[in-house]
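Here are my notes after a first pass through this one. Have the viewer open as you read.

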Amino acid sequence: NIEKYLPVCEKVSVALQDKYPASFYTKELKTNLENYKKQFELKESQNKAMPTGAAMPDIQLNNPDGKLIALSSFKGKIVLVDFWASWCGPCRRENPNVVRVYNKFHSKGFEVYGVSLDEEKDKWVKAIEKDGLPWTHVSDLGGWQSSVCATFNITAIPFTILVDRKGNIAAKGLRGEELEKKVEELLSN
């Protein structure tokens with residue numbers, strides 16, 4: 001957990017700035033620390049705005065066929081709300097894992113509600129087909145101006161929210177084995 005080392009890293013950065021202000025490494029450390037602090041502050045603000053256990057705000061967007069589909073229509077199921085886009089490399093690399101978890105638990109009451117931050121419908125639909133994503137997909141094709149970005153304070157993707165059967169936030173930001181374990185735990189309760 002890097003947060004506990006942040007004060008030490010900041011002291012080292014200040015000392016390097018004093019002694020070696022023109023050094024590439026000094027500048028790189030300062031930039032990385034600033035970026036990390038922004039990410040940490042964003043994560044903290046997301047946690048405060050939508051803490052675990054809080055009711056998940058509803059999302060109502062159109063699927064690729066233009067049909068309005070509400071997240072709340074899945075109440076009673078465990079739902080992974082997956083914010084992604086066709087142009088997002090890390091999102092696309094995580095898709096096979098989400099497909100695996102979906103295939104393993106779908107018959108037991110697990111759903112995925114994919115919310116795309118794409119702006120071009122054809123690229124979005126092609127990515128769904130290419131990656132073999134069999135779940136519900138929605139988007140307003142607004143990109144970073146999408147209504148969901150403001151509602152959920154999204155500034156980076158992939159970003160996930162796991163919603164329990166009652167419609168409450170069970171976890172955020174899960175991927176890989178962590179996602180699988182949490183889904184299994186929620187389905188067994």
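1. A definition before anything else: a cavity here is a set of grid points where a 1.4 Å probe fits but cannot get out, and its volume is the space filled by probe spheres set on those points. Keep in mind that this is a predicted model. With a cut-off of 30 Å³ or more, the count comes to one cavity. The volume of the largest cavity is about 60 Å³.

2. What lines that space? The residues around the largest cavity are Leu-80, Asp-82, Trp-84, Cys-91, Glu-94, Asn-95, Val-98, Pro-158, Thr-160, Leu-174, Arg-175 and Leu-179. By type, the lining splits into seven nonpolar, two polar and three charged residues. Helix 3 (89-105) and strand 3 each give at least two residues to the lining, and helix 3 has the largest share, with four.

3. Asp-82 sits opposite Thr-160 of strand 6. Strand 3 (residues 78-84) pairs with strand 6 in the antiparallel sense, over five bridges.

4. Strand 7 (residues 169-172) runs antiparallel to strand 6, and three bridges join them. Here Val-163 is the residue that stands opposite Ile-169 of strand 7. The two strands make a hairpin with five residues between them, and Gly-167 in the turn has a positive phi of about 90°.

5. Is strand 6 buried or exposed? Strand 6 (residues 159-163) is mostly covered, with five of its five residues buried. That holds for both faces: one side carries Phe-159, Ile-161 and Val-163, the other Thr-160 and Leu-162, and all are buried.

6. Now over to Asn-63, which lies in the loop between strand 1 (60-62) and strand 2 (68-70). What does its side chain reach? The Asn-63 side chain comes to 2.9 Å from the backbone nitrogen of Asp-65. Setting aside neighbours within four places in sequence, the contacts of Asn-63 are Ile-69, Trp-124, His-137 and Val-138.

Key:
Residues numbered from 1 in each chain as written. Predicted model: local features only at pLDDT ≥ 70, side-chain atom pairs only at ≥ 80, totals over all residues. Heavy atoms only, no water. Polar contact = N/O pair within 3.5 Å; in protein donor to acceptor, adjacent residues only side chain to side chain. Contact = heavy atoms within 4.5 Å. Buried < 20%, exposed > 50% of the residue type's maximum accessible area, 1.4 Å probe, protein only. Pairing = 2+ DSSP bridges. 1 Å grid on protein atoms, 1.4 Å probe; cavity = no way out; pocket = protein on both sides within 12 Å on 5 of 7 lines; lining within 4 Å. Nonpolar A, V, L, I, M, F, W, Y, C, P; charged D, E, K, R; others polar.
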